[in-house]
Amino acid sequence: MPGTRTDASIALSVKDNLSQSIVGMKNSLNSFKNDAEGLQQQLDTLTATKFQLKNFDLKAAKAQVDQMRQALESLGDSATDAERAAARADFDEALQNYSHVEQQLNLVSKQARQTEKDLLNATDAISKTENRAGRSGGAGILSSLGQAGALSQVGEVVSQWAQVLVSSAYGSEAASLFSGALSGAGSGAAIGSMVAPGIGTILGALAGGALGAVQGASQTYQAQDEAFKAYYQQLYESGTAQAEESLTSGSATAAQRELDAIAFAQLLGKDSGSSYLRDLRTLAADTPLEYADLTQMSRALATGFGDSPERMLELLEAIGNAGSAVGVTASDMSMMAQAMSRMNSSGKATLEYLNILQERGVDVIGMLAEEYGKTQGEIYDMISAGDINGQEAVDVIQRGMEARYGGAMETMAQTFSGLTSTLEDTMAELDNARGEGYNTERSQGLQAEIDAYGGALGQAVESINTIAGQNQAYLENLQEQYTREALSAVLLGEDTTLFDSRQQAELEKMRESFLQASAEYDAGSQEAGLQMDSLRRQAESLATAAYESSEQYQLVQDTELTLIDAIRQNTAALQGWKNEYTRAQALSLGQPTQSAWSPESDLMDALIESRDEGDPEGVLSYPEWVAANPLADPSAYALYRASATADSHAAGLGRVPYDNYAALLHEGERVLTASQARELDRGGSGGGVTVNLSGSWTVRSEEDAEELAEILVRKIELAQKAGVIG
């Protein structure tokens, strides 16, 4: 079963240890108890696994087999062989899965029976050991363990079902809390039943339930905290990404508009160009057309109507209405504007120009026929004869567009697509504002860069870059020279100038081996050819090693190490490296919670309000403490007051009454651990006290012995309190 692991070697034998001596009987007994507890845990796990396998996994596997069988049987005659083979494969896989689960169930059941036997043997051994030690355990550990195991198992099973049911009804948060409480109650009851059956079981269940509820609440808080961190981290990252995207887009838009301003100042004149672009931005904001599309159309119109920016705006609106009405793209509208511009500038209404509009759904032939009172056939004849002036044709087409399609852009602007386009124009204006601010300021920096690197600094950097390039080429040439000389020495027997005497001797040996291998190769030995190639590679490797051991190369390495050390030292002296770490730590913090000791908490308020109610002399009030500790965390006042008002125990304290008990300690006092205190309570030595009786002591009666014992006890207690003994 996925996620379930059973141990086939958990069976334990404790009988072999029963032959130990009386001295080791106590340790042996503890070992047996540990074994029994471990076996009980194993048995609980196996029982829960058996329950899961039998009631869930096996039934699910059986249902899958039935489903695959029905699917296989439901195939009709029209099913292909491939479909039948696939269905059969699914059925076989389901059968195999069912068999696997069944085998797991048998294995777990067998192991559970064996573990139960081992547990009985272990508890029986414990019982015998307790009897030999002279101790009676009441009903015995066997019944206690059995009861504890049963209660724990019940708690786990009930907890599992409760989590499923409560999760379905109230959600996973309530399920975790409720399941934790039930599971803790089961475990607590199991522990309590071993200590004191009856009342111990009830108290254990209550305590365990409370702890389980706390655990469930902590899991819920952890889940909420993780969700909180993921959410605000996403908000931060999303906001950062949007700002970067807005800056990138806005900078590009502002840069393009800067180029547009220059272009339209040339097309329409400096003053007219600036005002025209402002009108275009207004038109873009009020219509489905985008600013970039309007500038493209305007460039097409400027060649024919550049002397009249007002006419260009009128034509843009007419073309925009016509294009919106007939559903063409912005690119089509630009071609329509280009055709009208050419007719106006050339004075000719050719069929080529008119067809650009006619083919895109704008019935310019009909408009001309209506204007001149002709049929469309007659209009075509007039166009062919050149009888229609281009400027007149543009006027007619503009009036026709305004009459037929007027208001189309306004209507389109109210559609989803139109609203989307208008919103995009609006957001583009917002991004452009960011981009303009960035570009204006950044341009100053760019100009400063140009001025600096175009002057003396640039010349200095240019000189350094030249030297750096020469250095790189020098090292590459040197490395290649090492390789050339090594190969020449081995293959040609030539002398070298870079290698030392030891390296030269090695190359000479390679040369001798190469000559011998060459002769053998000429005699027909292919193995000798392999050796020749190996010698070539050895020579290249030696050349590389010699180069990287050279003074020149080592100088480069020393320079790099010096650079690394300098960067490290400079980095350590500054704080820039901490920025990314600090940001990551800030993003790892969970939701702000109100600590019990925080200045805003109810506990803190209560402490501050009661600062004058019976505080011992010398205890500072909250304002006094803050004045005395201006740099301290205000939450520390609660701890200060708790310790300052705690009782002093200079005369000793019999028992610390509860956890986190605040007390004032004094020099020379001693604090015992809980285990040391229990050892003293049981009469243990607590450190090995030796009593030496000096002088002459005469014990005449039982009363004398008791009196002597009382004197010794008082002396030991006083010594312990004084710190003389532990």
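Helix α8 (residues 309-326) is the top contributor to a negative surface patch, supplying three residues; helices here, like strands, are DSSP runs numbered from the N terminus (H or I, at least four residues; E, at least two for strands). Patch members have over 30% relative accessible area and no salt bridge, with like charges joined within 9 Å; a salt bridge is a side-chain nitrogen of Lys or Arg within 4 Å of a carboxyl oxygen of Asp or Glu. Glu310 sits in α8 and counts as exposed because its relative accessibility is 53% (buried is under 20%, exposed over 50%, partly exposed in between, with a 1.4 Å probe and protein chains only).

All of this comes from a predicted model, where local features need pLDDT of at least 70, side-chain atom pairs count only at pLDDT 80 or more, and totals for chains, interfaces and linings use all residues. Residues are numbered from 1 along each chain as its sequence is written, and side-chain values use heavy atoms, leaving out hydrogens and water.

A positive patch also turns up, made of Lys50, Lys54, Lys59, Lys110, Arg113 and Lys117. Helices α1 (25-73) and α2 (81-132) are the elements giving it two or more residues. Lys50 belongs to α1 and, at 33% relative accessibility, is partly exposed.

Then there is α12 (residues 376-385), whose buried residues are Ile379, Met382 and Ile383. These cover an arc of only 100° around the axis, so they lie on the same side of α12; the arc is taken from the directions from the helix axis to the C-beta atoms. Asp381, Ser384 and Ala385 are exposed on the other side of α12.

How values were computed: Patches are made of residues with over 30% relative accessible area and no salt bridge: like charges are joined within 9 Å, nonpolar side chains (Val, Leu, Ile, Met, Phe, Trp, Tyr) within 5 Å. Accessible areas come from the Shrake-Rupley method with a 1.4 Å probe; for residues, only the protein chains shown count as cover. Lys and Arg count as positive and Asp and Glu as negative; His and the chain ends are not counted. The place of a charge is taken as NZ of Lys, CZ of Arg, CG of Asp or CD of Glu.
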